[in-house]
Every structure is written in structure tokens, then in C-alpha cells.
Amino acid sequence: MRNRVTSLEALEQVVQLTAEERAAWEPASQRFRMAITPYYVQLMDATDPDCPIRRQAIPTLAELTVSPGEMRDPLDEEGHLIAPALTHRYPDRALLYTTHNCAMYCRFCTRKRKVSDPTSATSHSDIKNALETIRQTPAIQDVIISGGDALSLSTERLGEILRALNDIPHVTVARIGTRNLVTLPQRVDPELCVMLRAMQTRNLAVYLMTHFNHVRECTEDAWSACDAISDTGTPIQNQMVLLRSVNDSTEAVIALNRQLLRMRVKPYYILQADLTEGIGHFRTPLETGLSIMEGLRGHVSGLAVPQFVVDLPGGAGKVPLVPEYRQKTEGDGTLFRNYQGRSVMYPGCFEAGA
Ligand SMILES: *Cc1c(COP(=O)(O)O)cnc(C)c1O
Ligand code: SF4
């Protein structure tokens, strides 16, 4: 963390920047801070500006353009706060902001409005207050420990939060939201693993939600970090964000998801990029995600098929988008097409003995 690349000079020592990237650095990093771990820098192709790792980490001029429909807080997370650090949008789960820090700042971050901004830091009393609110809200069963990046917290601090959740009878699931497995796998040390192992109890099941976007992020170090987490009994789920020129093809998603399965990471969601300001250059048409889903279902292991979801503006929630496999109905029957495009009649439902 201390050796992160945070200046233009440091960045130029490790990658050959284009004139555009050089021009973008000042204004774009003013808007959303740049910080890249040495580990993540080393995954970049130093000479290819289209490198999928570079595109996620290095500021570009396009970030200064606000496209129609984009918003500071597209999911209205602020509007759904029930305590200063707690967004409650769905009945049985809530999202807890524990920190504004991340190991690396992703250029497409949905929470740019507060991530990396020291004025939005969550205080100890905010977290205490949020935990008390959860205690008084019996409907909340599942708590997402988010940020920023929950592994920016010390292991001790994260352990305290998990212990507090463990002590609330109606909370049965906690999810740790982190990209450290991708951007700083060295964060997964024996101390963290001992704590996670101890926090898996009959009162609370702890899951880890991570964010791999490209198969090039699945390094030996990342694999070892995932193994160490899985060996504590903590299941890992992946939430990929669909990004133009990073992972917006069936081939890219298949390569990623197959490798994730080998690393015992379950592909959980493919998220349509949110309507956050300044990320229009990353956003793909809905058809791109749908076509990727068609390319997965039936063609690869069902374990490698996540759900493609759009998080609707205003906090209306996530909805899945599924390709239509029903072609038409004929009487009681339904004509389907299968994954190969072949039409097959499903005769419908008949009562036994009728
Ligand atoms: C995404 C999200 C959740 C979790 O949704 P799941 O579909 O259960 O994974 C919960 N709260 C908020 C505010 C969210 O954005
Ligand atoms: S790790 Fe998550 S919260 Fe942090 S910058 Fe990346 S997308 Fe945003």
C-alpha cells in the first residue's frame, strides 16, 4: 500500500503513456483519485494502451464527459440510508459502508462520489450506530460489509464488525466485499485467515464477494489468495462488471469464468455498468450482456454461468436479464429453441390421469 503508484511521474516509469493519457492525468485524477498497487501495475502491458488491466486503472479524458442519464448516485444509495453508513434497499439485506479506501481505484467505480474521498470516511461511531440499527431491524438477515474495500480495514477491525454481527441473532449471513484478491492478493495473510476461520459459526455464515474482470487478473498470487480464503471455509463469489474493451466478449467471459472455477470462485453476477457519471466509455448496450449470456448457457459448465443483472436507477434494485428461449405457444405446448438454436416442442403440463 505504501508503494502504490499515485503520481504521473511514477506511472511513466512503468508504462509508456499515450499523449491522451498524459493529458488526462491531471483533470481526471482530480475528479477521482488514482492509486495502483505495484502488483497490479506489473500485470499491465506497458506498451499497449488497450490492455484490459491498464484500462481499469489509468485515467482517461473520457472520464470528464458526463453522458445523458448519468448521475452522481445512480442507485440512490444515499436516499436509502437508514443510518449514516447503512443502505437498506431490499427487505432482508443491508449494505454497510465501512471505509472509503481501496487498494486500487477502478476508473469505472460506481461509488466514485464517495470512494477515495477522505471527507466521506466512515467513523467508528458511524459503524457502531449502523450495527445498532441492524440490531433493531429484525428483517435484516444478510449484511454486506462494503466500502470502498472491506479489506482496507485492519483484520482486527473487520473481526470486530463480524463478531458484532455474529452476536445479532437475526443476522445469519455476512458478505465481505473486496477487490483485494485482484489488486493486492498479499493482503490475504495468515492472520486474516485465522480470523475468518474463527468467524464461521452456526450463527453467522461469512461469504467473500470479489471482483475479477479479466482472466489476466487470475495470477498465481491471486490463486493462492483464493485458496487460502477457501481453505478457511469461506465461499468466494465473483461480481464481474461488464466493461467495453475489457471483457465485453463471450470469449473473454468464458476464459475468466473457467479459470475462476478452477480457483474455487463462483461467478455470481455479471453487472451492467451503472449510470455513474463519467463512465459512458465503459458502458455496453444491454444486447452485449444478453449475447454473452447466450454464449455461456449450454456451451460451458452451468457453474460458469452467472446472472446478468442491471441495477435500476433510483434504487429500484437489480433485475436479471435472460435471453428468451421460448419461441411461441401452440395449444398447451411451448416451442423452445435450445442453446444450439434447434427448435424443440415442450408439450405442456397435463394433470395425472386426465
Ligand atoms: C446489490 C445490493 C445488495 C445485494 O443484492 P443481492 O442480489 O442479494 O446480491 C444489497 N443491497 C444493496 C444496496 C445492493 O446494491
Ligand atoms: S474496488 Fe470497488 S469500491 Fe474500490 S474503486 Fe474499485 S469498484 Fe470502486
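Visitor: In which loop is K114 found?
Guide: This is a predicted model, where local features need pLDDT of at least 70, side-chain atom pairs count only at pLDDT 80 or more, and totals for chains, interfaces and linings use all residues. Residues are numbered from 1 along each chain as its sequence is written. Helices (H or I, at least four residues) and strands (E, at least two) are DSSP runs, numbered from the N terminus. K114 is found in the loop between β3 (93-97) and α5 (124-135).

Visitor: Is K114 buried or exposed?
Guide: Buried means under 20% relative accessible area, exposed over 50%, partly exposed in between (1.4 Å probe, protein chains only). K114 has a relative accessible area of 13%. That value is under 20%, so K114 is buried.

Visitor: Which residues does K114 touch?
Guide: Contact means heavy atoms within 4.5 Å. Residues up to four places away in sequence are not counted. K114 then touches E78, Y97, H100 and S120.

Visitor: What is the phi of S116?
Guide: Most residues other than glycine have a negative phi. S116 is found in the loop between β3 and α5. S116 is not a glycine, yet its phi is positive, at about 75°.

Visitor: Why does D76 count as partly exposed?
Guide: D76 lies in the loop between α4 (52-57) and β1 (81-83). Its phi is positive, near 45°. D76 counts as partly exposed because its relative accessible area is 29%.

Visitor: Which residue does a cis peptide bond join to G147?
Guide: Most peptide bonds are trans. Here omega is about 20°. The cis bond joins G147 to G148.

Terms used. Chains lettered and ligands numbered in written order. Heavy atoms only, no water.
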